[in-house]
Amino acid sequence: MQNKAMTRIAVFVLAALFSLYIGLQLAPKTNPSLYGLPSVTDSDAELTARQFLEKANIDYKKYHEYSYYDVDQNGSNYVLDKLGLEKTREIMTKAELPLSYWTVQYVMNVPRNNQQDWLRLKVSPTGRLISYEHYVPDSMRAGDIDSVSALTIIHEYMKSWPGVSLDGFSIERTNSYKKPQRTDIQIIFSKPFPGLDRGAEKLNFYLAGKTITSVNYYFEEPSDANIEAVGGANIIFNALSIAVYFFVTLIGLVLFLKLYHDGQIGVRNAVIVGGIVYFAQVFYIINMWDIWGVGTNFGSISHIYTKWILLGVQMVIAYVYMFVNSFSTWAVSDYYLRTVKPALLKGTDSLFSGKLLSKNVGLEVPVGFAYGIILFGIVYTVNYLLIHFAGARPLMMDRFIGHGYPIFALLLAIFVYIAFEEVIFRKFYTTWLKTKIKSLTTVLFLSAFTYSFYSIFFNDIFKFWPAYYSLVPYFIIGLVQAWVFWKYGLLTAFTSAALFYGVNGLVYIFYTSNSVYYFQGGLIIAIFTAVFIAGVYSLLKGKVFEYNISSEPQHIKRIKERARMQQELEIAKKVQLGLLPKEQPQLKGFDITGVCLPALEVGGDYFDFINLQDGKLGIAIADVSGKGVPAAIYMTLTKGILQSHAEATLSPKSVLSKVNSLMYRTIERSWYVSMFYAVLDPSTKKLVFSRAGHNPAIVLNTAKKEHQLLQPAGIGLGLEMGDIFTKTLVEGELTLESGNTLVFYTDGFTEAMNEKEEEYGEERFLNFLSDNDNGSASELLNKAITEIKSFQGQASQHDDMTMVVLKVF
């Protein structure tokens, strides 16, 4: 067993080392963004610019200084298209063309429409000053000059220019501009570059009077040579990319709202992950502050304030949206994974629980290191095949080198990739697909395919023309990462992604030929090494961590508790309704029906039909003071006590007295039960009844258009021990006639309230029953319910409603 494990480890190590070697060999042959990286730092470029300005007697200290590394992407891509990778690499490495450079800019913090004075200098990757622009106001007095004199000044000036020579250049055109206090001359020189039929080096001189204010050295490609020009296919791919992103994140958000409402997900870890994405983005912008906002204008707002406004907009819109996406997809996928395959969360559960050196971590981190490096080699191999065998053309991309400190730029970018892309597309989307599709192969390919389309617009690690070739490397990344995630776990996928992006970023750093950047790259390697050593140590010495569900957030526990109680109340409601008569009595010459409508899930109203001796029928209706669960419990108790005594005697007074005695000894003093209990003899149509504090029964006589209230004296059950109750209680008797309708009801009908808090009232209720007593018992009952609901309108039912209707034929 041990030999098998060692063999497996050896295979991983050899595969990773081989892939690393292949990737490092192929990177410069496939990735033109590695060309023209600076061998001097931003500090070196700023020093070169300051020395030039001091020699020109320009006070640069009164300006705000910004520096950033820039690439002429259109020009670079044109050169790539015409001369190929190897020649472009040679040109950009030697800085034979101004395709990449440090830009050092000096601006004042004044509104743009008042910006009368600014400076821009460009320094080549090797540290040579190649451009100088000084914008001066039109009102500056400088005298007049002609083109001949301007040429003389230019040639004299260029003798001391440190980085550019006029050798081989010829005049392309000359322009003259008349200003209020001077004449300005612009002279553009051009020099063809070998192999580029229409592309040329340009030197643009601008003189304000006799003072040279601009020497701009640049490469100009033909206007129709932009191979990235927006076309139909490019628009479609970018639109699909955006649509895919919104589709996936919308699914996550909808599922989050549903599951959160149901109380099935926690949010503590989701907040942490979303916070990582949010603050990593903010700190990334702070790190690249000098280039932030370049090219963005908000009316006449100054360049410096524009930076802050743009950051604010990003922080409250774009980054909040990214936070919501990461937050919701993490929470949702946590729920699904714990249902489908909880083992995939063992490593991340350990980290979030503070167990950084557990066995769980050790089982995933070293494997993630291996797969991240293997993926690096695989992707560059695929890119090489696309370029040399499929005809794909790699494009120049922007680089993080030159945007602040490379160590921070790379590490922050890794955090964003992990907490955003890996969470959304691996942890959430792959898991969600697996809940819908049984075939793992189909799931992995769909996940990778979706990720590749997303990356067309939102990723800038690799880019090819035509655009569809860019799908391939991202498809490979998505496929490998999804497989690693589903095979080994989420922490393995995180580690693999970190290594892939980390190694890819380190290649950029070590291609700069700069000791400062080398040092930062060394620190990054040290960080990765420390993580790897910690992972190996955890594997060998760590203890297994078991996730404890008790760490679930309190608000989720409360939501679940409410959901559990709601479920139990629904069960109680079914049980309580089951205690009511399941069918109506069938008595010759009579039509009887009843209903109980609780105001809450369970209630305190009750009605019953009890079969007694000699074919007699007991009819009971009761109302427990109060509502909800306690009332429901007392209602159940009342039913049991009544049924246990009703069959012993046919006297309602005697039955209610016995019920009262038991109720008094059982219920709380603040509770009582009102009841109307009657015994019907179908053969004689005689009704004997007693009323324990309940609403009177109503006798309707349709033929005579009159009604009678049955309201003998009596107090509620449970209010008194028995002596007073029995003395107070009166038993009545009535012989029913054909055409009579007898209605028993609770005060939920007469005390129903509308939106204006007006009560329906007893008089209105009596009149309604009298006017509608022209059908069956169930018709009258249903009409009464409809009438009350109509009266209530949008107001909620605030009390239980129970009614029994008895019609005599």
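Predicted model: local features only at pLDDT ≥ 70, side-chain atom pairs only at ≥ 80, totals over all residues.
Asn-57 sits in the loop that runs between α2 (42-55) and β1 (64-71), and its phi is positive, about 60°, even though the residue is not a glycine. Ala-95 is another non-glycine residue with a positive phi, here near 55°. Its loop is the one between α3 (73-93) and β2 (100-107). At 9% relative accessibility, though, Ala-95 counts as buried.

A further backbone feature turns up at Trp-465 and Pro-466, which are joined by a cis peptide bond with omega at about 0°. Pro-466 belongs to the loop between β10 (464-465) and α12 (471-488).

Turning to helix packing, α6 (residues 268-287) and α7 (residues 303-340) pack at an angle of about 150°, and their axes are 8 Å apart. That angle makes α6 roughly antiparallel to α7. The crossing of α6 past α7 is right-handed. On the α6 side the contact includes Val-271, Gly-274, Tyr-278 and Ile-285, while α7 contributes residues including Met-315, Phe-323, Ser-326 and Trp-330. Sorted by type, the residues of this contact come out as 16 nonpolar and 5 polar, with no charged ones.

Then there is α17 (residues 652-666), a helix of 15 residues that spans 21 Å from first C-alpha to last, close to the 21 Å expected. Its buried residues include Pro-652, Leu-656, Asn-660 and Met-663. The buried residues of α17 pack against the helices α16 (628-646) and α18 (723-728), as well as the strands β14 (673-681), β15 (686-692) and β18 (731-735).

Methods:
Residues numbered from 1 in each chain as written. Heavy atoms only, no water. Helix = DSSP H or I, 4+ residues; strand = E, 2+ residues; numbered from the N terminus. Expected span 1.5 Å × (residues − 1). Buried < 20%, exposed > 50% of the residue type's maximum accessible area, 1.4 Å probe, protein only. Contact = heavy atoms within 4.5 Å. Axes fitted to C-alpha atoms, helices over the stretch in contact; angles between N-to-C directions. Parallel < 35°, antiparallel > 145°, perpendicular 65-115°, else oblique. Left-handed = near helix turned anticlockwise from the far one by under 90°. Nonpolar A, V, L, I, M, F, W, Y, C, P; charged D, E, K, R; others polar.
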